[in-house]
Amino acid sequence: MSQPAAPKGAAKSLSSTYVHLRDDKSAADVEVTPTFWQELGSGERPGLDAGRLLMQLDSTEDWPTWEMHPAGDEVVFLVAGTVEFVLEVDGQEQCVTLKAPGDFVRVPRGVWHTARISSHCSLVFVTPGEGTLNRPR
């Protein structure tokens with residue numbers, strides 16, 4: 001049995017091209033547009049409902065919104081910097097600080113969360129994008 005051909009071309013960045021980790025164990029590139037999250041939250045990208053999205057985000061400022069993922073848990077890994085995740089659990093805020101590369105937080109399904117950024121940070125997310133909700137901070 002022959003192996004599939006390796007992809008050709010330049011390397012891609014998780015900050016501009018997310019990876020859709022499909023339930024059938026395949027993966028596909030997803031180009032990020034300025035309206036990506038709005039489209040995902042409004043159901044305009046149903047092909048991304050199943051599986052998880054793998055993405056990277058650099059931040060220098062606190063997140064302006066809270067977000068919540070009703071379709072499953074989200075895992076966030078710290079690559080560089082320091083960040084404090086604020087989770088709203090039973091009406092109370094719980095804080096988890098990521099300060100060393102490789103530190104991570106698991107945000108349970110349905111838990112509202114935001115991030116406080118103390119300096120430039122880089123994060124990698126594995127998230128169920130389906131139905132992602134946002135509200136003002």
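**View 1. Seventeen-residue lining of the main pocket.** The largest pocket is lined by 17 residues, and Tyr18, Trp37, Leu57, Trp63 and Glu67 lie nearest its centre. Two or more lining residues come from each of helix 1 (36–41), strand 3 (52–59), strand 4 (65–68) and strand 10 (121–127). Strand 3 gives the most, four residues. The pocket has a volume of about 460 Å³. By class, its lining holds eight nonpolar, six polar and three charged residues. This is a predicted model: local features need pLDDT of at least 70, side-chain atom pairs count only at pLDDT 80 or more, and totals for chains, interfaces and linings use all residues. Residues are numbered from 1 along each chain as its sequence is written, and side-chain values use heavy atoms, with hydrogens and water left out.

Terms: a pocket is an open set of points on a 1 Å grid over the protein atoms alone where a 1.4 Å probe fits, with protein on both sides within 12 Å along at least five of seven lines; lining residues have an atom within 4 Å of a point. Volume is the space filled by probe spheres set on the points. Helices (H or I, at least four residues) and strands (E, at least two) are DSSP runs, numbered from the N terminus.

**View 2. The largest nonpolar core.** This core (buried Ala, Val, Leu, Ile, Met, Phe, Trp, Tyr and Cys residues joined through side-chain atoms within 4.5 Å) has 22 residues, of which Phe36, Val83, Phe85, Leu98 and Leu123 touch the most other members. Elements giving two or more residues to the core include helix 1, strand 5 (74–80), strand 6 (83–89) and strand 10. Leucine 98 touches residues including Val76, Leu78, Phe104 and Leu123, not counting residues up to four places away in sequence; contact means heavy atoms within 4.5 Å.

View 3. The whole structure has zero disulfides (cysteine sulfur pairs within 2.5 Å). The sulfur of cysteine 95 is 15 Å from the closest cysteine sulfur, in cysteine 121, too far for a bond. Cysteine 95 is partly exposed at 41% relative accessibility. Cysteine 121 is buried at 0%. Buried means under 20% relative accessible area, exposed over 50%, and partly exposed in between (1.4 Å probe, protein chains only).

**View 4. Positive phi in two loops.** Lysine 25 is not a glycine, yet has a positive phi of about 75°. Its place is in the loop between strand 1 (17–21) and strand 2 (27–31). Lysine 25 is exposed, at 78% relative accessibility. Aspartate 90, also not a glycine, has a positive phi of about 50°. Aspartate 90 lies between strand 6 and strand 7 (92–98), in a loop.

Conventions
Nonpolar A, V, L, I, M, F, W, Y, C, P; charged D, E, K, R; others polar.
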